[in-house]
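Dear colleague,

I am passing on a structure that I have been reading through, and I would be glad if you could look it over with the notes that follow.

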Amino acid sequence: MSECRDVEPLLTPFVDDEAAPAERATVDAHLRSCPRCREYVTSERTVRQAFVVCRASLHVNASADLRRRCEAQPAATSASTVFTRLLPRPSSGQAWRSWVPLSMAATLVLAVAGVFVYGLSSGPQALAAQLAADHVKCFDFAPTPTILPEAKVLGREWAAARGWALKVPETAPVEGLELLAVRRCISADGTTAHLMYRWRGQPLSVYVMKSHPPRIGTSPTIVDRLGQEAIIWSKGERTYAVVTRGRPDGIERVAQYVRAAAE
Amino acid sequence: MSPRGVLSTGTGSDDRAFTNEALSYLDALYGTALRLTRRPQDAEDLVQDTYLKAFRAEDQFERGTNLKAWLFTILHNTFRNMRRHDGRSPIDVNSETVEQAADLTGDDRTPEQLLTRATLDRDLQLALDALPEAFRQAVWLRDVEEFSYAEIAKIVDVPIGTVMSRISRGRRLLHDRLVAPGVNPGVNKEPSEKARVG
């Protein structure tokens, strides 16, 4: 059996035609006298051939939406777009799409600024800086659905995929609020839900954090950070935040609606 | 596109070539992400994160090396970080997959019988999903994405010897499951990566 142990590390390279000629000769010689190792080689070779036979069916195609989002990223990260996109924008009459693309690089600027200006400490101000950066970044890839999704469906999908319940506020025409999508926030710790809305033609984010960061009170706190306004509060084990650009009139009212529907 | 994902040397004007070639691996990255996460939404998040990091770090990519392997390395690193931050324990096998895998009906004893089995596609996918993660990754990267041992070692950050061992063990577990379903209950556990010959 000691000879089997000597040969054993060579069997997989042998199957893959990656063994050196001398190693190959050693394995060949051993296999002639060892039915057990022959069986190992046969089983590995059979599975390898099975993958060749099934390769086409194992390949999957990414969705058109994912492709679009990934294709949008090089442009968003291009340094040449940073300065033009950081230029002041008109404060009124902005179309939805015209607001969208602050660049990824701009996001980095915001995130770094958040760290330097507000430190790494927890609390509403640090959290607001982090969420402001994420809000800008995620709306680079904002979906533009022709049919608005159903909040309950997105909530169920989230619960099934993430393992915790999420109440998603519905589209509310009276408030001028339209639900676009629910995504996992990739900038935070990976467990935060990012509910993306269009509010009076502007991007509006609702964040729902599974855990309860320290020093977040139950009363809504309004924090202006990095050109974005965040209204943050906690309830039970969850922490919530509504983030918009600037300080638009009526934000408190829509935050109230979100609070009533999300908690 | 250059073979095996190797970009030619150059700067500046190669940005578009870098982008185009990187995006040409979208389906491969998504397929691998799906095998890792087993949830389409997680897989999409993972791939989007991967491209985000790749395009940010384009300057760090060494021209003339394998872009596909570089992207897969980012994908696996991102997956590890994602899972570390995820509140849930990793899915190794969901109960449905185990049930389906247990129902595999193959009793083919010869390679020829197995390879011509009508349900081979389905059976192989189920058996693959039932493999422990380390073996599934290694076998997938080798037998589907056709990376070299050295490339896989770099992607998953383990020694080459470990890669070969995982490929070997993974294939044998798959073979056991395909040929004699139900006799290998250990497929859902993390078998030892150590000695396979006795």
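Chain B exposes about 8,600 Å² of accessible surface, 50% of it supplied by carbon and sulfur atoms, where accessible areas come from the Shrake-Rupley method with a 1.4 Å probe and, for residues, only the protein chains shown count as cover. For chain A the accessible surface comes to about 12,200 Å², and 57% of that belongs to carbon and sulfur atoms.

Please bear in mind that this is a predicted model, in which local features need pLDDT of at least 70 and side-chain atom pairs count only at pLDDT 80 or more, while totals for chains, interfaces and linings use all residues. Residues are numbered from 1 along each chain as its sequence is written, chains are lettered from A and ligands numbered from 1 in the order in which they are written, and side-chain values use heavy atoms, with hydrogens and water left out.

The secondary structure of chain B comes to ten helices and zero strands, helices (H or I, at least four residues) and strands (E, at least two) being DSSP runs numbered from the N terminus. Of its 198 residues, 58% count as buried, a term that stands for under 20% relative accessible area, with exposed meaning over 50% and partly exposed the range in between (1.4 Å probe, protein chains only). Among contacts (heavy atoms within 4.5 Å) in chain B between residues at least 6 apart in sequence, 71% join residues at least 24 apart.

Within chain B, helix H7 (residues 120-129) has seven of its ten residues buried, so it is largely enclosed by the rest of the structure; the buried residues include Leu120(B), Asp123(B), Leu124(B) and Asp129(B). Further along, in the loop between helix H8 (133-144) and helix H9 (149-156) of chain B, lies Glu146(B), whose phi is near 60 degrees, a positive value in a residue other than glycine. Glu146(B) is partly exposed, with a relative accessible area of 44%.

Chain A has ten helices and six strands, and 48% of its 263 residues count as buried. Residues 24 or more positions apart account for 59% of the contacts in chain A with a separation of 6 or more.

The strands of chain A form an open sheet of six, in the order E1-E2-E3-E6-E5-E4, with antiparallel pairing, two strands being taken to pair if DSSP finds at least two bridges between them. Strand E1 (177-184) and strand E4 (221-225) of chain A are the edge strands, each pairing on one side only, and the twist averages 20 degrees from one strand to the next. Helix H9 (residues 151-162) of chain A packs on the sheet, touching E1 and E2 of chain A, and its direction makes about 10 degrees with that of E1(A); axes here are lines fitted to C-alpha atoms, for helices over the stretch in contact, and angles run from 0 to 180 degrees between N-to-C directions.

Strand E3 (residues 202-209) of chain A is mostly covered, with seven of its eight residues buried. E3(A) pairs in the antiparallel sense with strand E2 (residues 193-199) of chain A over seven bridges, where His194(A) has Tyr207(A) in E3(A) as its bridge partner, and the hairpin of these strands, which has two residues between them, includes Arg200(A) with a positive phi near 50 degrees. E3(A) also pairs in the antiparallel sense with strand E6 (residues 238-245) of chain A, over six bridges, and Val206(A) stands opposite Val242(A) in E6(A). E4(A) and strand E5 (residues 228-235) of chain A pair in the antiparallel sense over five bridges, Ile232(A) in E5(A) being the bridge partner of Thr221(A).

Asp17(A), in the loop between helix H1 (2-15) and H2 of chain A, has a positive phi of about 55 degrees although it is not a glycine, and it is exposed, with a relative accessible area of 59%.

In helix H2 (residues 21-33) of chain A the buried residues are Val27(A), His30(A) and Leu31(A). They cover an arc of only 100 degrees around the axis, which puts them on the same side of H2(A), the arc being that of the directions from the helix axis to the C-beta atoms. The face of H2(A) turned away from that buried side carries the exposed residues Pro21(A), Ala22(A), Arg32(A) and Ser33(A).

With best regards
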